[in-house]
Amino acid sequence: MKKTPVAILGATGMVGQRFVTLLASHPWFEVVAVAASSQSACQTYAAAIAERWCLDVPVPSAVKQLPVLDAVVDRLKITQSARVVFSALNMEAAAIRELEEQYAAAGAV
């Protein structure tokens, strides 16, 4: 069975890290993109979370070298590579709603 490509928004935060650990070895999903704020963008996932990893399990090797994308600026790039987008954003509720609606309008589930 072919895995569904997924992206995780807010991947560097605590909830996003949990998404990463749960989805990295999931039998139905393949993490193809991780996104966060512009502060983490343009780094590898491993570099972006190096001092911030909150979990007691290691960073999944399947995502360590993924580039962290900007959740706002790289929306089109993310929706072109991922069919499903999981959101763990840490922003004002109205901003989250607006951004998630933009992802949905671009075709993300």
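This is a predicted model: local features need pLDDT of at least 70, side-chain atom pairs count only at pLDDT 80 or more; totals for chains, interfaces and linings use all residues.
In what follows, a residue is called buried when its relative accessible area is under 20%, exposed when this area is over 50%, and partly exposed in between, as found with a 1.4 Å probe and the protein chains only. Residues are numbered from 1 along each chain as its sequence is written, and side-chain values use heavy atoms, with hydrogens and water left out.

**Helix H5**

- Helix H5 takes in residues 93–105, and its 13 residues should span 18 Å at 1.5 Å a residue, which agrees with the 18 Å between its end C-alpha atoms; the expected span is 1.5 Å times one less than the number of residues.
- The residues Ile96, Leu99 and Tyr103 are buried in H5, and they lie on the same side of the helix because they cover an arc of only 75° around its axis, an arc being that of the directions from the helix axis to the C-beta atoms.
- As a general point, an α-helix has 3.6 residues a turn, so residues three or four places apart point the same way.
- The buried residues of H5 pack against strand S1 (4–9), helix H4 (75–81) and strand S4 (84–87), where contact means heavy atoms within 4.5 Å.
- Just after H5 comes Gly107, which takes a positive phi of about 105°.

- Leu99, which lies in helix H5, counts as buried at 4% relative accessibility, and it touches Ala71, Val72, Arg75, Leu89 and Met91 when residues up to four places away in sequence are not counted.
- Although Leu99 and Arg75 are 24 residues apart along the chain, their C-alpha atoms are separated by 8.9 Å.
- Glu100 is also found in helix H5, but Glu100 counts as partly exposed, at 34% relative accessibility.
- The C-alpha atoms of Glu100 and Trp28 are separated by 22 Å, and these two residues are 72 residues apart along the chain.

**Helix H1**

- In helix H1 (residues 14–24), the buried residues are Gly16, Gln17, Val20, Thr21 and Leu23, and they pack against S1, strand S2 (29–36), helix H2 (45–49), helix H3 (61–64) and S4.
- Gln17, one of the residues of H1, is buried with a relative accessible area of 0%.
- Leaving aside residues up to four places away in sequence, Gln17 touches Ala11, Thr12, Tyr45, Ile49, Arg52, Trp53, Cys54 and Leu55.

**The loop between S2 and H2**

- Cys42 lies in the loop between S2 and H2, and it is exposed, with a relative accessible area of 77%.
- The phi of Cys42 is near 75°, which is a positive value in a residue other than glycine.

Methods:
Helices (H or I, at least four residues) and strands (E, at least two) are DSSP runs, numbered from the N terminus.
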